[in-house]
Structures are given as C-alpha cells and as structure tokens.
Amino acid sequence: MATLPPLADVSALAGWLGESSLSTRAGAVLSAASVLVRSYCGQDFTDAAAPDPVAQVTVQVAGRLYTTAPGAPAYTQENTGPFGFSQRFSNEGPYLTKAEKQILAPYRTGAVPSGLSTLATTRGEPGFDDRYLQVEGGAAIPFLPEDRTL
C-alpha cells in the first residue's frame, strides 16, 4: 500500500509556528498527524485536497508534535520566590483535543449523530393505529377490533 501524502504542507506548519523554515522533521510530524486525522475521520481525503478545517487540525497536531522534543518530561515546573507554576501535558505522541474532535466531527464517516433526537415508540405498521370510540357524555375509550388481541 502506498503512503498517502500529508493533509497539509510544511509551509502551513511553518506559518502556524511562526518560523521561516523548519527542519526535515517537519515532514515526518505532518505525516504522523495526517495518519491520526485520517484514522479519526475514517477517510483518506485522496479525491481532492483536504477540507480547510481538516488541514488546519492536522497543522495544529503537527505543531504540538514538532515543538515537543522526543523524550521530554511530561510536565514542567517553574518557581520564582514563593510562587510556583507547574504544567502537565501529554508526550505520548499525536493526540486530538476535544475542540479538534468537534471540528472534525462533520468529516467522520459512519459516525453516529449526537444531540437531542426522538425515538419512535410504535412500529408504524399499517392498520395498527390507535382507534377510539366516542362515548356520549364521556371521554373516548380505546377500541381494539375483534380480529386483534392483546
């Protein structure tokens, strides 16, 4: 199987990082980010250029990979006098943030829609709809034809 090209180019990554040029590692991190995005979306995006949101998420993931040195600690800590700051981050390879997953949601194939929806409580078989008998001076009562049983 042939290797697919990255979903974004090195110049887009350089622009995102604010750099004029990047090392040869940039192509490798773009490929890794592209594999993650393609896997999450369930499609290759080979028919045409990837949609802009897909390319942008690829650049963001690649940017995190490029700026994190392999083998770097998974946290940083700084202290100045009585004040301290520590930050924990993932250093286990490419990952998608919750916001990035939301951006990619429309491009996922076979994804189950989420949100508010309704669920039918009847089978919708013809001739099996609710029927009521009108009663003089009272409320309507359910009617079940003789050929139907409970």
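Here is a short chat about side-chain contacts in this predicted model.

Trainee: Which residue forms a salt bridge with Glu100?

Mentor: Start with the count: the structure holds one salt bridge. It links distant parts of the chain, with Glu100 in helix α4 (residues 98–104) and its partner 36 residues apart, in helix α3 (residues 52–67). The closest N and O atoms are 2.8 Å apart, and the partner of Glu100 is Arg64.

Trainee: And is Glu100 buried or exposed?

Mentor: The cut-off for buried is under 20% relative accessible area. Arg64 has 22% relative accessibility, so Arg64 counts as partly exposed. Glu100 has 2% relative accessibility, so Glu100 counts as buried.

Trainee: Arg64 lies over the face of which residue?

Mentor: Don't go looking for ring-on-ring pairs, as the structure holds zero aromatic pairs. There are charges over rings, though: the charged end of Arg108 sits over the ring of Tyr40, 4.2 Å from its centre. For Arg64, the distance to the ring centre is 4.5 Å, and the ring belongs to Tyr95.

Trainee: Back in helix α3, is Thr58 buried or exposed?

Mentor: Thr58 has its place in helix α3. Leaving aside neighbours within four places in sequence, Thr58 is in contact with Leu7, Ala8, Leu30, Ala33, Ser34 and Val37. Its relative accessibility is 0%, so Thr58 counts as buried.

Trainee: What separates the C-alpha atoms of Thr58 and Val37?

Mentor: Val37 is one of the residues in contact with Thr58. The two are 21 residues apart along the chain, and their C-alpha atoms are separated by 6.6 Å.

Note on methods
Residues are numbered from 1 along each chain as its sequence is written. This is a predicted model: local features need pLDDT of at least 70, side-chain atom pairs count only at pLDDT 80 or more; totals for chains, interfaces and linings use all residues. Side-chain values use heavy atoms; hydrogens and water are left out. A salt bridge is a side-chain nitrogen of Lys or Arg within 4 Å of a carboxyl oxygen of Asp or Glu. Helices (H or I, at least four residues) and strands (E, at least two) are DSSP runs, numbered from the N terminus. Buried means under 20% relative accessible area, exposed over 50%, partly exposed in between (1.4 Å probe, protein chains only). Rings of Phe, Tyr and Trp (its six-membered ring) pair if their centres lie within 6.5 Å; planes under 30 degrees apart count as stacked, over 60 as edge-to-face and the rest as tilted. A charge sits over a ring if NZ of Lys or CZ of Arg is within 6 Å of the ring centre and within 35 degrees of the ring normal. Contact means heavy atoms within 4.5 Å.
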